[in-house]
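Notebook open, model loaded on the screen. I'm jotting down what I look up as I go.

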Amino acid sequence: MSWPRIDGLRVMEIGTPGEMRQRLNGLILEGRKKGTAGLLSDYAAEGEEIEQVGERMPLVDDDGRPVAMLVITKVETHRFIDVPWSFAASEGEGDESIEEWRDGHRRYFEGVGTPVDDDSLITCINFERDETTA
């Protein structure tokens, strides 16, 4: 199972469909959210490579329609317990500490059926909006 593509580009689907995706996409469109985290194990399970710096990815809504074009600016993999605050803050979701970020992400990953522990590998992706397209 591979990620959806638009015009040959892998798409970026943030969060789960519905209210969460709408809220997170809104934060990106406002310029507040410039990062997202995923489980490294999901890449292998889905037959996908980790994003590359410079890669362009359409950000899509619940219906798979592009709402913005993102450009990947930084990609790092950390153990869950070692994700730096600088990255967590870049997610722009209002967390006030790394502990709050960890609690929220533990709940999210558990809610989608993939609980994490301190040693789970997390891919930390930073991006910018490409204002020249979308």
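What do the buried residues of α1 pack against? I looked, and they pack against β4, β5 and β6. My contact cut-off is heavy atoms within 4.5 Å. Helices (DSSP runs of H or I, at least four residues) and strands (runs of E, at least two) are numbered from the N terminus.

**Ground rules.** I note that this is a predicted model, where local features need pLDDT of at least 70, side-chain atom pairs count only at pLDDT 80 or more, and totals for chains, interfaces and linings use all residues. Residues are numbered from 1 along each chain as its sequence is written, and side-chain values use heavy atoms, with hydrogens and water left out.

**Confidence.** I checked pLDDT, the predictor's confidence in each residue, from 0 to 100. The protein chain averages 94, and 97% of the residues score at least 70. The lowest confidence is in β1, at a mean of 88, and the highest is in β5, at 98.

**Helix α1.** I wanted to know which residues of α1 are buried. They are R21, L24, N25, L27 and I28. Buried means under 20% relative accessible area, exposed means over 50%, and partly exposed is in between (1.4 Å probe, protein chains only). Looking down the axis of α1, I see its buried residues fall within an arc of 155 degrees, so they line one face of the helix. That arc is taken from the directions from the helix axis to the C-beta atoms. E19 and Q22 sit on the other side of α1 and are exposed. Just after α1, G31 has a positive phi of about 85 degrees.

**Largest nonpolar core.** By nonpolar core I mean a set of buried Ala, Val, Leu, Ile, Met, Phe, Trp, Tyr and Cys residues joined through side-chain atoms within 4.5 Å. The largest one has 14 residues, and M12, I14, I28, L59, L70 and I72 touch the most other members. Two or more residues each come from α1 (19–29), β4 (56–60), β5 (66–79) and β6 (121–129). Apart from it I found another core, of twelve residues, including A37, W101, V116 and C124.

Is β4 enclosed or open? Four of its five residues are buried, so β4 is largely enclosed by the rest of the structure. β4 pairs with β5 in the antiparallel sense over five bridges; strands count as paired if DSSP finds at least two bridges between them. Across that pairing, R56 stands opposite V71, and P58 stands opposite M69. β5 also runs antiparallel to β6, joined by nine bridges, with H78 opposite I122 in β6.

G64 counts as partly exposed, at 36% relative accessibility. I also checked G64 against P4: they are 60 residues apart in sequence and 8.5 Å apart in space, C-alpha to C-alpha.

**R10.** This arginine is in strand β2. Buried or exposed? R10 counts as buried, at 8% relative accessibility. I looked for polar contacts (N or O atoms within 3.5 Å; within protein, one must be able to donate a hydrogen and the other to accept it, and residues adjacent in sequence count only if both atoms are side-chain atoms). The side chains of R10 and E48 make one, of 3.1 Å. A polar atom of the R10 side chain also lies 2.5 Å from the backbone oxygen of E49. Among the residues R10 touches are W3, E51, R56 and P58.

**T36.** I found T36 in strand β3 (residues 35–39). T36 is buried, with a relative accessible area of 10%. Leaving out residues up to four places away in sequence, T36 touches M12, I14, F87, E91, T123, C124, I125 and F127.

**D7.** Last stop is D7, in the loop between β1 (5–6) and β2 (9–10). D7 has a positive phi of about 50 degrees although it is not a glycine. D7 is exposed, at a relative accessible area of 80%.
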